[in-house]
Amino acid sequence: MANFERMIPLIMHFAAGVYGDEGKDLSLPYDEQFRLARIKGWSDDKDDPGGETMIDVTLTTYKSWCRQNGRREPSPSDLRNISYGDWRDVLKRMFWDRCRGDEIESQGLANLIVDWIWGSGAARIKDVQWIAGVKTDGIVGKDTLRALNGGIPEELFSKIYIARVCHYRKSKVAWKYMKGWLRRLEAIRPDGTFLIYGRRIVPFS
């Protein structure tokens, strides 16, 4: 089964530029990768609808996570100083678990789907369901999992990959972000590895 921690190097690189000589920084323990990611991980681009963001976690998402955990509403400063444990929990509980990633057999497929939800919103679950040929209710249940696990993973991967490209092309800010979006998408491989700067990154868990 897929493991959400195997997605972490993808995010650390594309959200914060973590790489190092020949990709060696992406083989560091994840808390060390996070420490490096904090250096360049902050973004507040006026053209990005996500707004204030730290290593791909938006302030809106962080506020929602804090409410769910009985915490006070965080400030932008709180987000900038988010701990690795909290950042990891945001990814796991609000995105990976929403897609029931632990129950998807193909790591590559899980990476592709969860990364799309992570970057483009929960509505993309319906796109995945439509591609998989099940009811588009936005809830990953038994039928959706059966469809994801019951076919040929590489074929479904290819269809979702193409759908992501089409989705990006329709974006109003594609003029600015398309190159980066496609580079990130192209890095996600069906076998669960990542191809970054021509080097295959094999995550550990």
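The model is a predicted one, in which local features need pLDDT of at least 70 and side-chain atom pairs count only at pLDDT 80 or more, while totals for chains, interfaces and linings use all residues. Residues are numbered from 1 along each chain as its sequence is written, and side-chain values use heavy atoms, with hydrogens and water left out.

### Exercise 1

Identify the residues that line the second largest pocket, and state which helix gives the largest share.

*Solution.* 
- Step 1: On a 1 Å grid over the protein atoms alone, a pocket is an open set of points with protein on both sides within 12 Å along at least five of seven lines; a cavity is a set of points where a 1.4 Å probe fits but cannot get out; and lining residues have an atom within 4 Å of a point. Grid points are joined across faces, edges and corners, and a volume is the space filled by probe spheres set on the points.
- Step 2: list the lining. It consists of Trp116, Arg124, Asp127, Trp130, Ile131, Ala163, Cys166, His167 and Lys170.
- Step 3: assign the elements. Helices (H or I, at least four residues) and strands (E, at least two) are DSSP runs, numbered from the N terminus. Helix 7 (124-132) and helix 9 each supply at least two residues, and helix 7 gives the largest share, with 4 residues.
- Step 4: sort by class. Ala, Val, Leu, Ile, Met, Phe, Trp, Tyr, Cys and Pro count as nonpolar, Asp, Glu, Lys and Arg as charged, and the others, Gly among them, as polar. The lining has 5 nonpolar, 1 polar and 3 charged residues.

### Exercise 2

Describe the largest pocket by its volume, its central residues and its lining.

*Solution.* 
- Step 1: the volume is about 1,300 Å³.
- Step 2: 44 residues line this pocket, and the closest to its centre are Asp48, Asp56, Gly119, Trp181 and Arg184.
- Step 3: among the elements that each supply at least two lining residues are helix 1 (8-16), strand 1 (42-43) and helix 9 (153-169). Helix 10 gives the largest share, 6 residues.
- Step 4: the lining divides into 16 nonpolar, 17 polar and 11 charged residues.

### Exercise 3

Which residues line the largest cavity, and is Cys99 in this lining buried or exposed?

*Solution.* 
- Step 1: the structure holds 1 cavity of 30 Å³ or more, and the largest cavity contains about 60 Å³ of space.
- Step 2: its lining consists of Cys99, Ile104, Ile113, Ile117, Ile125, Val128, Gln129, Val140, Thr144 and Leu148. By class there are 8 nonpolar, 2 polar and no charged residues.
- Step 3: buried means under 20% relative accessible area, exposed over 50%, and partly exposed in between (1.4 Å probe, protein chains only). Cysteine 99 has a relative accessible area of 2% and is therefore buried.
- Step 4: a disulfide is a pair of cysteine sulfur atoms within 2.5 Å, and by this rule the count is 0 disulfides. For cysteine 99, the nearest cysteine sulfur is that of cysteine 166, 20 Å away.

### Exercise 4

*Solution.* 
- Step 1: two strands pair if DSSP finds at least two bridges between them.
- Step 2: strand 1 is joined to strand 2 (residues 53-54) by 2 bridges, and tryptophan 42 stands opposite methionine 54 in strand 2.

### Exercise 5

Locate isoleucine 55 and arginine 100, and state whether each is buried or partly exposed.

*Solution.* 
- Step 1: most residues other than glycine have a negative phi.
- Step 2: isoleucine 55 has a positive phi, near 45°. This isoleucine lies in the loop between strand 2 and strand 3 and is buried, at 0% relative accessible area.
- Step 3: arginine 100 also has a positive phi, near 55°. Arginine 100 belongs to the loop between helix 5 and helix 6 and is partly exposed, at 26%.
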